[in-house]
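Please look over the entry below before reading on.

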Amino acid sequence: MKSPASSCLRRLLALSSLTAALAAPLLRAADAPTIAKPDAKYKVTVTDEGTTYLLNNGIVAARINKSTGSLEQVFYKGVDRAGHDQGGVGDWEQNTSAAAQVDGLTDSITIDPAKNGGERAEVSIKGVSKDQVQLGAGAAGGGTYFDMEIRYSMGRGDSGVYTYCTYTHPASYRAGGVGAESRFILRVNQTFDWLSVDKDRNLLAAGPLNWGTGVVVNAKEQRIMSQGPYKNSVEHKYSYNGVQFKIPAYGWSSTSEHVGVWFINPTIEYLSGGASKLELQTHYGDNDNPDPIILDYWKGSHYGRNTSLNVAQGEEWHRVVGPIFVYVNSLDKFETPSSQDMAAFKASFGNPIVPQAWHDNQTALFNDALAQAKIEKAKWPYDWVQGVDYPHKNERGSVSGQLVLNDAYAPKGYSTKLPNLTVGLTYPFDADNATNAPGPDAGGAYYGSTASWVTDAKHYQFWENGSADGKFTIDKVRPGTYTLHAFADGVLGEMARANITVEAGKNVDLGKIEWKPVRYGKQLWDIGYADRSSNEFFKGDGDNFWLWGWPLRYSLLFPNDITYTIGKSNPAKDWFFEEVPHSTADTKLWLNPEAKDPANQRFGWVKAESREQYPITTGDSGGVWRQYSAGRDTSWNIKFNLDKAVQGTAIFRIALTGADGAFGTSVSVNGQTVGRVGAFGTNAFRYNTALGVWQERDLTFDAGLLKAGENTLTITVPAGDVKSGLVYDYLRLELNEYYKPDGTKIASAQ
């Protein structure tokens with residue numbers, strides 16, 4: 001039971017999974033898949049095994065290393081579901097083991113099931129650095145001098161195990177932080193072949209060998225596969241990122257074993273970056289035959305938003321990350337693909353037709369995990385968490401109110417509703433200057449009304465969804481003083497209100513709060529919908545944006561680039577979600593000649609390459625990408641008509657959900673350059689997303705450049721690597737008829 005699965009066994013597991021799938025009966029089962037109910041009849045036990053603890057409740061058993069605080073094995077139905085490919089199984093990024101060097105490593109049973117009738121067990125592994133040794137010095141994300149306490153807890157009837165970690169900085173310790181990244185990671189075995197992140201990324205995964213033996217494109221995370229269901233496709237581990245606030249449960253499941261393993265965050269209060277933080281959820285490791293991985297980043301550095309955690313010497317600081325629930329479930333009834341289903345699947349390798357039975361089964365497991373996430377959210381904060389800085393429900397407060405939209409300059413017919421309203425309480429970094437938005441600026445960037453919450457990993461944040469009528473309640477808030485933030489679909493920018501004080505056991509009713517979005521003048525036109533995504537643009541929808549390679553395929557979709565006519569063009573068809581250099585490479589270098597619709601099909605459109613010609617790399621050495629990465633400058637023209645010539649100041653407002661290498665992007669009006677977009681880099685192209693760091697760029701210019709009749713505004717992305725450019729959320733042109741760009745009031749407007 002203690003020995004990790006051997007490499008041979010892992011290969012057999014993967015092979016048996018595929019063999020079982022291919023040996024399907026002739027007919028699909030008539031019964032819809034149903035979830036097996038866990039049996040709560042067994043008491044929880046904890047066994048001290050010397051170097052490990054074993055928690056067991058008859059449903060799940062978890063073995064914990066007393067030195068590192070790592071989860072070594074996860075048994076479900078008597079089978080170890082963990083993957084042992086890379087040594088560690090369930091690891092916190094930084095671990096406690098180095099504390100032994102200064103006699104600072106201890107372990108204990110913090111909840112003894114022998115004393116509570118077998119209802120719950122909990123163990124603790126504590127590392128005190130004494131400000132002398134760095135814990136997790138060799139971790140990929142960097143180490144820390146903070147003290148750490150890692151706990152694992154299991155209750156009777158729980159179909160899984162909880163883990164949480166407390167980081168402590170005593171006032172006497174040196175100034176410092178927790179590396180660039182910190183996360184909890186779990187590796188599962190290779191029978192898990194289906195990944196689920198959200199409704200759009202709920203699919204059969206590439207096989208581990210297919211991925212592991214693929215040819216690196218540009219960076220180690222991107223590989224062209226030459227075999228398996230997704231042959232002639234690029235598998236990119238960053239395709240499976242998601243906004244943490246919107247993804248309460250995610251993980252892997254097995255089409256052959258009908259078992260799922262999931263991470264559930266009951267809240268995001270302990271995660272960094274607030275309600276828009278984008279992070280990795282699931283992927284494979286980087287070796288030739290990797291195990292599937294689930295990740296929970298509480299401090300991340302991806303997407304141009306390295307979250308900040310800096311604690312000064314003399315400052316006492318604590319953070320409790322979790323409890324995270326590692327949930328395991330299974331099906332007791334499931335559908336089985338027919339022989340016809342399997343034949344169609346095998347015949348379609350490259351752009352696979354995946355059996356509906358698999359989709360139904362795995363979606364049932366995923367939906368059950370999402371349902372469990374709702375249960376966990378209702379339980380939060382857990383009453384069994386004791387002895388750490390973790391206020392219980394009666395020690396927390398709440399804030400409620402109603403936002404009322406007052407958009408005076410909005411065109412006629414604009415709704416005052418606030419769809420997908422998101423409201424949060426954050427640390428008051430800029431309480432004295434919390435405003436709706438900055439003034440117009442020739443290229444100034446901002447994350448919202450105040451920048452700090454999107455990069456904050458030091459303080460707790462509390463976010464909830466509001467209703468379209470503006471009503472909201474944020475409950476279970478730790479006592480303190482906060483700034484209220486809000487954003488919603490259809491409203492450009494963000495609302496902020498400072499000095500919200502929360503007390504234990506009390507609700508703060510803010511009543512009606514007027515939200516006046518910033519407008520600099522009347523709206524002349526807009527393109528898209530301000531929703532911090534590219535969903536309304538061509539290929540920016542959830543079915544497509546995360547697929548690798550759109551910067552290459554742009555040249556196929558729009559060989560003559562884009563001319564968009566206000567009032568006639570359709571953003572869903574005529575405005576691509578990414579503006580990138582137009583590929584100049586011969587398509588023979590990258591296009592699979594057998595692809596039926598290479599510009600649009602989801603998979604199977606990439607020319608396969610050999611590892612002999614392009615040996616795998618561990619870094620960003622270019623790989624095959626060097627053969628087809630170049631592109632010429634790309635100019636998109638927006639044509640619009642004015643009834644008459646105008647005067648004053650025009651403000652071109654561009655909202656972006658990603659940018660890379662786009663500092664030279666220029667804007668011209670009727671042939672005259674008016675400024676550069678100057679967006680800061682977010683790794684949106686390398687990391688494959690249209691949901692990245694949101695930013696607004698406002699360019700002002702003399703409205704006298706506009707004329708009666710047809711006008712043309714041109715956005716030009718300079719020549720360069722095709723994985724550079726802009727990812728669009730929304731564009732709007734406004735006119736202030738009363739002031740010139742230098743602030744001088746126009747005489748006729750007196």
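Which residues does Trp-575 touch, not counting residues up to four places away in sequence? In this predicted model, the contacts of Trp-575 are Ile-527, Phe-537, Phe-538, Ile-562, Tyr-564, Asn-570, Trp-636, Ile-638, Ile-715, Tyr-728 and Leu-731.

**Nonpolar cores**

- The largest nonpolar core holds 179 residues, and the members that touch the most others are Trp-575 and Phe-652.
- Strand E24 (residues 317–333) supplies nine residues to this core, the largest share.
- As general background, nonpolar side chains tend to be buried together in soluble globular proteins.

**Asn-361 in helix H4**

- Helix H4 spans residues 356–379 and contains Asn-361.
- Asn-361 counts as buried because its relative accessibility is 0%, and buried means under 20%.
- Leaving out residues up to four places away in sequence, Asn-361 is in contact with Pro-33, His-258, Leu-331, Phe-334 and Glu-335.

**Strand E25 and its partners**

- Strand E25 (residues 397–405) has eight of its nine residues buried, so the strand is largely enclosed by the rest of the structure.
- Five bridges pair E25 with strand E28 (residues 471–477) in the antiparallel sense.
- E25 runs parallel to strand E31 (residues 507–515), and seven bridges join the two.
- Ser-398 has Asn-507 in E31 as its bridge partner.

**The four-strand sheet**

- Four strands form an open sheet with antiparallel pairing, in the order E27-E26-E29-E30.
- The edges are strand E27 (462–465) and strand E30 (495–502); each has a single partner strand, so one side of each is left without a neighbour in the sheet.
- From one strand to the next, the twist of this sheet averages 20 degrees.
- Strand E29 (residues 480–487) is joined to E30 by six bridges in the antiparallel sense.
- Tyr-482 faces Ile-500 of E30 across this pairing.

Conventions. Residues are numbered from 1 along each chain as its sequence is written. This is a predicted model: local features need pLDDT of at least 70, side-chain atom pairs count only at pLDDT 80 or more; totals for chains, interfaces and linings use all residues. Side-chain values use heavy atoms; hydrogens and water are left out. Two strands pair if DSSP finds at least two bridges between them. Axes are lines fitted to C-alpha atoms, for helices over the stretch in contact, and angles run from 0 to 180 degrees between N-to-C directions. A nonpolar core is a set of buried Ala, Val, Leu, Ile, Met, Phe, Trp, Tyr and Cys residues joined through side-chain atoms within 4.5 Å. Buried means under 20% relative accessible area, exposed over 50%, partly exposed in between (1.4 Å probe, protein chains only). Contact means heavy atoms within 4.5 Å.
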